[in-house]
Amino acid sequence: MTSRIVRGPSMVDVARLAGVSHQTVSRVLNDHPNVRAGTRTRVRSAIAELGYRPNRAARTLVTGRDRTIGVVAPRSTEFGPVSLLAAFEDHLAEAGFDVTVVRAHERDDASVGAGIGRLLDSQVAGILVIAPLVSTAVPADEVTADVPLVVVGGDPARPQLRSSVDQFEGGRLATAHLLGLGHRTVWHVGGPAEYHDAAQRAEGWRAALHAAGSEIPPVVPGDWSAGAGHVAGHLLARMPEVTAVFAANDALATGLLHAFHELGRAVPGEVSVVGFDDAPSSAHLIPPLTTVRPDFGAVAGEVLDLLLSDLHQRGRGTTEDRRVAPVLVPRSTTAPPQR
């Protein structure tokens, strides 16, 4: 006979029975004042009916009773989210913490919220949400007061604990580098506009051109793939006025290099190209790619510092936005324009 472990009722079960979100259940458990009396009664009735017993013993690192941080990460293989998660796991291991990762559909706010609920039920001491889409709703202000939550990405206008690469500065650096070589303007192959990283890199590109008094060309749309870069390259290669291109990531830049080679546009002789990410393969392209390198390790360190600081302060709705500046990595795909 095979024995089976029966899981007790969770916060999600309570929320489902009461007809509310898990965040509302959390607020009731923590006596948050912004809950209607009727809603509070329904939640407490559901707790009693299910016999739900929240265990808060593991909810604070201050007493040393829990060494686990939860991460809500997108179901993505893109370089940025994967690299950030790896860097964060390394920092946690070095600091003596464990990590629990739950995956969420980045385009589904309910999936993100459910991931946070699962981590709260797991009694984690803090939560990191990697939210690449600007539109992703991360309910940081509705999590429990003793469980801090830090966001990377998401809506930059929303007050939260946040740490991120300064994507705007990265776009500005790439564009300023090309302008500094003597190019009159810089074209941009963008990433998906709904992504925070892509939108901010495009803003940095636009700001650098504006500051230099240069013409601002239309953004050539793309996604994060080399295939999209290849398509964009076939368009730009047929435009003799194009002498410099900033691609939103290294994969797009790789596609550009392929297209320029196919159509006989020499890089960097006729067209200079800058990417973003400094992916491991970028130094080994022909020619090696000039790119912008984000410091994911520094971002992960800031995330951990924010989580620990907020835990020691018992997380009373503090907000902070820490941005880590990237660096330009000059290689062989950029040069002054031909005269």
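**Entry 1: peptide bonds and backbone**

I began with Pro 268, which sits in the loop between α9 and β8 (272–274), where helices (H or I, at least four residues) and strands (E, at least two) are DSSP runs numbered from the N terminus. The bond joining Val 267 to Pro 268 is a cis peptide bond, with omega of about 10°. I noted that this is a predicted model, in which local features need pLDDT of at least 70 and side-chain atom pairs count only at pLDDT 80 or more, while totals for chains, interfaces and linings use all residues. Residues are numbered from 1 along each chain as its sequence is written, and side-chain values use heavy atoms, with hydrogens and water left out.

I then looked up Pro 287, which lies in the loop between β8 and β9 (291–293); the peptide bond to Pro 287 from Ile 286 is cis, with omega near -5°. Gln 123, in the loop between α5 (109–121) and β3, is a residue other than glycine with a positive phi, near 65°. I recorded these because most residues other than glycine have a negative phi, and most peptide bonds are trans.

**Entry 2: the largest pocket**

I looked next at open space, taking a pocket as an open set of points on a 1 Å grid over the protein atoms alone, with protein on both sides within 12 Å along at least five of seven lines, and a cavity as a set where a 1.4 Å probe fits but cannot get out; lining residues have an atom within 4 Å of a point. Grid points are joined across faces, edges and corners, and a volume is the space filled by probe spheres set on the points.

The largest pocket has a volume of about 440 Å³, and among its 30 lining residues the closest to its centre are Phe 79, Gly 80, Pro 81, Asp 197 and Arg 201. Helix α4 gives the most to this lining, with 4 residues. I sorted the lining of the largest pocket into 14 nonpolar, 10 polar and 6 charged residues, counting Ala, Val, Leu, Ile, Met, Phe, Trp, Tyr, Cys and Pro as nonpolar, Asp, Glu, Lys and Arg as charged, and the others, Gly among them, as polar.

**Entry 3: the largest cavity**

I found 3 cavities of 30 Å³ or more, and the largest cavity has a volume of about 60 Å³. Its lining includes Arg 162, Ser 164, Val 165, Gln 167, Phe 168, His 196 and Gln 200. Two or more lining residues come from each of β5 (161–165), α6 (167–180) and α7 (196–212), and β5 gives the most, with 3 residues. By class, the lining of the largest cavity has 3 nonpolar, 5 polar and 3 charged residues.

**Entry 4: two helix pairs**

Which angle do the axes of α6 and α7 make where they cross? I read roughly 40°, with the axes coming within 7 Å, the axes being lines fitted to C-alpha atoms over the stretch in contact and the angles running from 0 to 180 degrees between N-to-C directions. That makes α6 oblique to α7, since under 35 degrees counts as roughly parallel, over 145 as roughly antiparallel, 65 to 115 as roughly perpendicular and the rest as oblique. In contact (heavy atoms within 4.5 Å), residues of α6 including Gln 167 and Phe 168 meet residues of α7 including His 196 and Gln 200.

Helices α8 (residues 226–236) and α9 (residues 250–262) pack at about 40°, with their axes 6 Å apart, which makes α8 oblique to α9.
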